[in-house]
Amino acid sequence: MSEPDATAARPAARPAARSAARERGTPPAAPPRPTSAGVNALWVAVGVLSGLGIVLGVGAGGDVPAGSAAETTTAAVPATAVGVAAVCYLAAAATGRRWVGWAMVPVASALPFLEYAGVPRWVSFGAAGLAFLLYGLARHRPTTLAQAGAMVGYLGVAVAAVAMPARVGLVVAALALAAHVAWDLVHYRRDMVVHRSLAVWCIGLDLTVAALCVGFAVAA
């Protein structure tokens, strides 16, 4: 009886290898299949609703007196959205698990509430980012540094905007959030680090919050 051909098992191993590469956050060997337009539209719609909820429902929280959304929305609102998105991306990259990005959405969204315990939200985001950076470097995750750099860039601009005059700061922070859409698109097209659904959801949320904040600043 002849020995089994060793090359016969190779094609079957390729899908698993590509799946493992995607899970680690590295681009797959073969071009990824595009997500259907209907699915993308659904996640964009969910992102838009999430953005409306953040601005119209949450606003600036307890930082300013009660009033309409246009009156209470400050640069802290889009800056916080930037912080949540950046932490989610960095967490997925550091752990090498795409689903961690989605799992971190409620966790990162809860970080601003530590202000009730005396911890500024920017300190919370920074501490979370540093923790994931160190973990990712210790685990030799290849995309950790890129995500940490993106967090410093996007969140740094947004946090600096909080210290600017109200209307100017609101516009600058909103533009920083809108610029994050480019980061979302890169990850969607390359199908890497996070699930495509998270990238598309972020696009809807980022554009909605940014547009509302710029509109409020112009109308003020």
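## Aromatic pairs

The structure holds four aromatic pairs. The model is a predicted one. A pair of aromatic rings is described by the distance of the centres and the angle of the planes. One of the four pairs is formed by Trp43 and Trp102, whose ring centres are 5.2 Å apart. The planes of Trp43 and Trp102 stand at 40 degrees, so this pair is tilted; planes would have to be under 30 degrees apart to count as stacked, or over 60 to count as edge-to-face.

Which parts of the chain does the pair of Trp43 and Trp102 tie together? Trp43 belongs to helix H2, which covers residues 37–58, and Trp102 belongs to helix H5, which covers residues 99–110. The pair therefore ties together parts that lie 59 residues apart in sequence.

## Packing of H8 and H9

Helix H9 spans residues 196–219 and packs with H8 at an angle of about 160 degrees. The axes of H8 and H9 are 8 Å apart. Angles over 145 degrees count as roughly antiparallel, and H8 and H9 are therefore roughly antiparallel to each other. Their crossing is left-handed.

What kinds of residue make up the contact of H8 with H9? The contact has 20 nonpolar residues, one polar residue and five charged residues.

With H9, the axes come within 10 Å and cross at roughly 165 degrees. H4 and H9 are therefore roughly antiparallel to each other, and H4 passes H9 in a left-handed crossing.

Are H4 and H8 roughly parallel or roughly antiparallel to each other? Their axes come within 8 Å and cross at roughly 25 degrees. Angles under 35 degrees count as roughly parallel, so H4 and H8 are roughly parallel to each other. The crossing of H4 and H8 is left-handed.

## The cavity

How many cavities of 30 Å³ or more does the structure hold? There is one cavity of that size, and about 40 Å³ of space lies in the largest cavity. The residues that line the largest cavity are Ala86, Tyr89, Gln147, Ala150, Met151, Tyr154, His180 and Trp183.

H7 gives the most, with four residues. By residue type, the lining of the largest cavity has six nonpolar residues, two polar residues and no charged residues.

Definitions and conventions:
Residues are numbered from 1 along each chain as its sequence is written. This is a predicted model: local features need pLDDT of at least 70, side-chain atom pairs count only at pLDDT 80 or more; totals for chains, interfaces and linings use all residues. Side-chain values use heavy atoms; hydrogens and water are left out. On a 1 Å grid over the protein atoms alone, a cavity is a set of points where a 1.4 Å probe fits but cannot get out, and a pocket is an open set with protein on both sides within 12 Å along at least five of seven lines; lining residues have an atom within 4 Å of a point. Grid points are joined across faces, edges and corners, and a volume is the space filled by probe spheres set on the points. Helices (H or I, at least four residues) and strands (E, at least two) are DSSP runs, numbered from the N terminus. Ala, Val, Leu, Ile, Met, Phe, Trp, Tyr, Cys and Pro count as nonpolar, Asp, Glu, Lys and Arg as charged, and the others, Gly among them, as polar. Axes are lines fitted to C-alpha atoms, for helices over the stretch in contact, and angles run from 0 to 180 degrees between N-to-C directions. Angles under 35 degrees count as roughly parallel, over 145 as roughly antiparallel, 65 to 115 as roughly perpendicular and the rest as oblique. A crossing is left-handed if the near helix is turned anticlockwise from the far one by less than a right angle, and right-handed if clockwise. Rings of Phe, Tyr and Trp (its six-membered ring) pair if their centres lie within 6.5 Å; planes under 30 degrees apart count as stacked, over 60 as edge-to-face and the rest as tilted.
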